[in-house]
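Here is a short report on one protein model. It starts with a charged pair and then widens to the whole chain.

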Amino acid sequence: MSDVSTRPLRADAERTVRTILEAAERVLARDPAATMEEIAAAAGVARTTVHRRFSTREALIASLAGWASRQLGAAVDEARPDTAPPLVALYQATANVLRVKTSWGFAMDTALAKGDEVEEIQCRMLDTCDRLFRRLRDTGALRADVDPVWARRVYYALIHEACQDVVAESDPDIDTLATQLIDTLLRGVGTPAAPL
């Protein structure tokens, strides 16, 4: 595995790594079987530059998953889920997460994108979301009888489905999508008088 994520890089090396990772995301999203050479060409760097940073294709994909997961973790943290008003935090986290997930779709979905760092970030985000959903219930945004963990699971499913729909769009309206997603979560899609 590459040691890109374990030691600090100079600014120019950091830019090169980001350029390679962004190119890898674009190329692998179109063709998951793409070669390191195709990724290098898309990044505008020599094949040897890619191999110097990432010893194998698997190391590149693992680094891609780590990079994307760090972006996702930062997107959640930027919403201040523990300190902002719960509905504000929910909306901001949703918009932030949708932006990251639609930009890093291959890295988020690949079965190869597992590892200690990715799992640690996912566990931290899960804990953060569960706290936010308890705050939503405690402040009345969710009904008192709603299990916050169930609500979070529904929310995750809505985000997943929303991202599947917008991957094909070149410039999705993330703010509108976030609003629609939260409205669906909090109000559902049925009419208030619909019989159970």
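## A buried charged pair

Arg 152 and Asp 130 join their side chains in a salt bridge, 2.7 Å from N to O. Arg 152 sits in helix H8 (residues 148–166) and Asp 130 in helix H7, so the pair ties together parts 22 residues apart in sequence. The model is predicted. Arg 152 has 9% relative accessibility and counts as buried. Asp 130, at 12%, is buried as well. The cut-off for buried is under 20% relative accessible area.

## Other salt bridges

How many salt bridges does a search of the whole structure find? The count is ten. Side chains of opposite charge can pair when their charged atoms come close.

Asp 77 and Arg 124 form one of these bridges, with their closest N and O atoms 3.2 Å apart. Asp 77 belongs to helix H4 and Arg 124 to helix H7 (residues 116–138), so this pair links parts 47 residues apart in sequence. Asp 77 is partly exposed, at 38% relative accessibility. Arg 124 is also partly exposed, at 36%.

Another salt bridge joins the side chains of Arg 137 and Asp 138, at 3.6 Å from N to O. Arg 137 is partly exposed, with a relative accessible area of 27%. Asp 138 counts as exposed, at 60%.

| Salt bridge | N to O distance |
|---|---|
| Arg 152 – Asp 130 | 2.7 Å |
| Asp 77 – Arg 124 | 3.2 Å |
| Arg 137 – Asp 138 | 3.6 Å |

## The helical chain

The protein chain has nine helices and zero strands. Its pattern along the sequence is α-α-α-α-α-α-α-α-α. Of its 196 residues, 41% count as buried. Among contacts with a separation of 6 or more, 70% come from residues 24 or more positions apart. The chain exposes about 11,100 Å². Carbon and sulfur atoms supply 53% of that area.

## Helix H1 and its partners

Helix H1 covers residues 11–30, 20 residues in total. From first C-alpha to last, H1 reaches 29 Å, close to the 28 Å expected at 1.5 Å a residue.

Which residues of H1 are buried? They are Ala 13, Val 17, Ile 20, Leu 21, Ala 23, Ala 24, Glu 25, Val 27 and Leu 28. These buried residues pack against helix H2 (36–43), helix H3 (47–53), helix H4 (57–78), helix H5 (86–103) and helix H6 (105–109). Helix H4, one of these partners, also holds Asp 77.

Key
Residues are numbered from 1 along each chain as its sequence is written. This is a predicted model: local features need pLDDT of at least 70, side-chain atom pairs count only at pLDDT 80 or more; totals for chains, interfaces and linings use all residues. Side-chain values use heavy atoms; hydrogens and water are left out. Helices (H or I, at least four residues) and strands (E, at least two) are DSSP runs, numbered from the N terminus. Buried means under 20% relative accessible area, exposed over 50%, partly exposed in between (1.4 Å probe, protein chains only). Contact means heavy atoms within 4.5 Å. Accessible areas come from the Shrake-Rupley method with a 1.4 Å probe; for residues, only the protein chains shown count as cover. The expected span of a helix is 1.5 Å times one less than its number of residues. A salt bridge is a side-chain nitrogen of Lys or Arg within 4 Å of a carboxyl oxygen of Asp or Glu.
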